[in-house]
Amino acid sequence: MVDRYEGLNRRRLLYAAGAGIALTALIQPAPAGPIARKVTAGSTASGRRVDLAERAIVTRHVRALWGLPRTQLGTLVWPASLPERSFAQWHYWWQAQLLDCAVDAAVRARTPERIDRVAAVARGIRTRNITGWTNRYYDDMAWLLLALERADRLLGMRFDDAVVDLRTALSVGWNSAVGAVPWRSGDDYYNTPAIGPAGIAMARLGELNRAAELADFLYDRLRDPGSGLVLDGVHEPGGRVDRTVHTYCQGVAIGLETELAVRTGGTGHRRRVAELVAAAESGLTESGVITAAAGDDSGLFMGILARYLAVAALALGDTTAARIVHTSAGAAWANRAEVDGLPLFGADWNRAVPAPPAPATLSQLTAPAANANRDLSIQLSGWMLLEADHRLTAAGR
């Protein structure tokens, strides 16, 4: 059992932040080795690949928050400047995805180091968020709730105060007139990236009726009948739909319908999963590989789809979902670059990661052409994909 977060008042946190930033200024990051397109030979077994993906992020991105003991977060880019190493910019949901990947790794191979990392990242999120576990954004809170609930259920790591706070926030944010939670507090936009993970969390916490309402909202209000893909969101009142299609919107819709299919036994939910997986394969893969995103937030979109395709493959035996994950993992690995023997993934798993002329310098690594591949979001997508691939391989799927 992990100790609950021991609260720090705001003044102490600000003092700690100032001292941590000063300390960070004195600590120089390790120099980056050359990016190599000629990757090393050796085992390509799924366990070996995912172990290297985990090690790459831990080595390059994960560090203590402001020098505080027993806290960790992921720097948003690598190599990182002083403000980036000081966590001056706060991306709550990226850190929630880092926590979820840390849970994946601890479930895959439980070690004291991995358990400590889950606890440290959770403390880092709580500390850096300063005011508590919650914020204004229901998508952010739903992502963190999913990671913490998995840490509890799969690892026995209790974060009861966090789960209660986040669950309550989602409940308070529910708009009964619309039948959903909005993107953020006080907003009129009801989007899949908030509704999907909120629904998955509610299903896992036993709130099946509300989870089913959210699944119906996505299917009835935001599913494009032509392509079968789930659109981004809708403004209410008024009904103005944003018809943007993102890979991760399909991922969370698949994940929500899978949870309901397993927990209710409803054939309708199972049918919806199959339809969504087929639509994703048809509309959002290239040569069987999940289509590219870009940097920043969108770097996470591909990995999130892979995570929930694996959930559907494991829970429902969906062979199409499994095939997409395996094909994507093979492509991402084959097209990686290497730095110091560790993988560097690209935003497009079907394209080789470009390498500047060796030896790479900090200025080359931070140049605009290489900028997207520096993003933690893109590297987390690669790690998430390889964790999904390994879970399926280990299960014989």
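I began with Phe87, which I found in the loop between helix H3 and helix H4 (92-108); helices here are DSSP runs of H or I with at least four residues, strands are runs of E with at least two, and both are numbered from the N terminus. I noted that this is a predicted model, in which local features need pLDDT of at least 70, side-chain atom pairs count only at pLDDT 80 or more, and totals for chains, interfaces and linings use all residues. Residues are numbered from 1 along each chain as its sequence is written, and side-chain values use heavy atoms, with hydrogens and water left out.

Backbone of Phe87: I looked up phi and read a value near 60°, which is positive in a residue other than glycine. Phe87 is also buried, at 4% relative accessibility, where buried means under 20% relative accessible area, exposed means over 50%, and partly exposed lies in between (1.4 Å probe, protein chains only).

I then turned to Trp66, which sits in the loop between strand S2 (62-63) and S3.

Which residues does a cis peptide bond join, with omega of about -10°? I found Trp78 and Pro79, and I placed Pro79 in the loop between strand S3 (73-74) and helix H3 (82-85).

I logged a further cis peptide bond running from Glu236 to Pro237, with omega near 0°. Pro237 belongs to the loop that lies between strand S5 (231-235) and strand S6 (240-245).
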